[in-house]
Amino acid sequence: MRRHITGFSNPPVKHLRSLRDKRHRRRAGEFLVEGLRLLEDARASGRVPSLLVMAEGRAPHALLARLEEEVEAAGGEIVVTTPDILSKITGKENPQAVAGVFGEWDTGLARLDRGAAPIWLVAQDLRDPGNLGTMLRTGDAVGAGGLILIDDCADPFSAEAVRASMGAVFTQGLARARWSEFVEWLRAGEGQLVAASLRDAVPYRGAAYRAPCFILVGNESRGLPAAYEAECDLRVTMPMRGRADSLNAAVAGAVLAYEVLAALEG
């Protein structure tokens, strides 16, 4: 189905605008992705938007033409609208010429195969969507199986998190759980839980990592609760040579992930 929309009050426009809000995203079970690069990453990962919205007068592009074909073949909808309306939809003054709507997928722990990768990232109470997206991007870079979000993390399907992931939201496994649920799942199979800590910690270089290794990162300002650190199989410490007493949460996760990768591959 293809149609042309020129009115701001059109119901599809109102629906698309509402997807910028977490409450509406969850109720609809959908999220909005802006930009051809991210949409191409999704397509290459086997996910095609249910609705594709494009600005009229855009320059032709081979990737966009292929995406249009696949959306139509899958029975999706294509909407052509004005640049002003697309700006209202995305909330950006100069939006890219195309955006797509995807259905949120199952983020239960049961769908994860812990044996599918040697490294997994775990974030507890991570509130910054940029940090969340960066952790997804890091996971993709190190060949991790995915990111497990514990307790009250930011929404992985927000525009900020999706943009920061640079498409990794489509390539990485993604799960959400409470801490007790995660621990029960983890202890039901193989898996080493590792976190950066100052409590009974060993240097992060040369530590005894083993696969599958679950790298746990805490809240940006509070870090990990003591009880969560106590549950870890291995606690490691990173040297801080300057005045700062800690690293950004996502950066700490990336540094540790690459050290684990080097150890497991060595």
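Q: Which residue's side chain meets Arg 205 in a salt bridge?
A: This is a predicted model, and in it the N to O distance of the Arg 205 salt bridge comes out at 3.1 Å. Arg 205 sits in the loop between strand S10 (202-203) and strand S11 (213-217), while its partner is 54 residues apart, in helix H10 (residues 249-265). That partner is Glu 259.

Q: Is Glu 259 buried or exposed?
A: Buried means under 20% relative accessible area. Glu 259 has a relative accessible area of 12%, so this residue is buried.

Q: How many residues apart in sequence are the parts that Arg 25 and Asp 155 tie together?
A: The two side chains meet in a salt bridge of 2.7 Å, N to O. Arg 25 belongs to helix H2 (residues 22-28), and Asp 155 to the loop between strand S7 (146-150) and helix H7 (159-165), so the parts they tie together are apart in sequence by 130 residues.

Q: Which residue's side chain does Asp 125 join in a polar contact of 2.3 Å?
A: Asp 125 is in the loop between strand S6 (119-124) and helix H6 (129-142), and counts as buried at 7% relative accessibility. It touches several residues, including Ile 150, Asp 152 and Asn 219. The side chain joined to Asp 125 by that polar contact is the one of Arg 222.

How values were computed: Residues numbered from 1 in each chain as written. Predicted model: local features only at pLDDT ≥ 70, side-chain atom pairs only at ≥ 80, totals over all residues. Heavy atoms only, no water. Helix = DSSP H or I, 4+ residues; strand = E, 2+ residues; numbered from the N terminus. Buried < 20%, exposed > 50% of the residue type's maximum accessible area, 1.4 Å probe, protein only. Polar contact = N/O pair within 3.5 Å; in protein donor to acceptor, adjacent residues only side chain to side chain. Contact = heavy atoms within 4.5 Å. Salt bridge = Lys/Arg side-chain N within 4 Å of Asp/Glu carboxyl O. Lists of a residue's contacts leave out its neighbours within four places in sequence.
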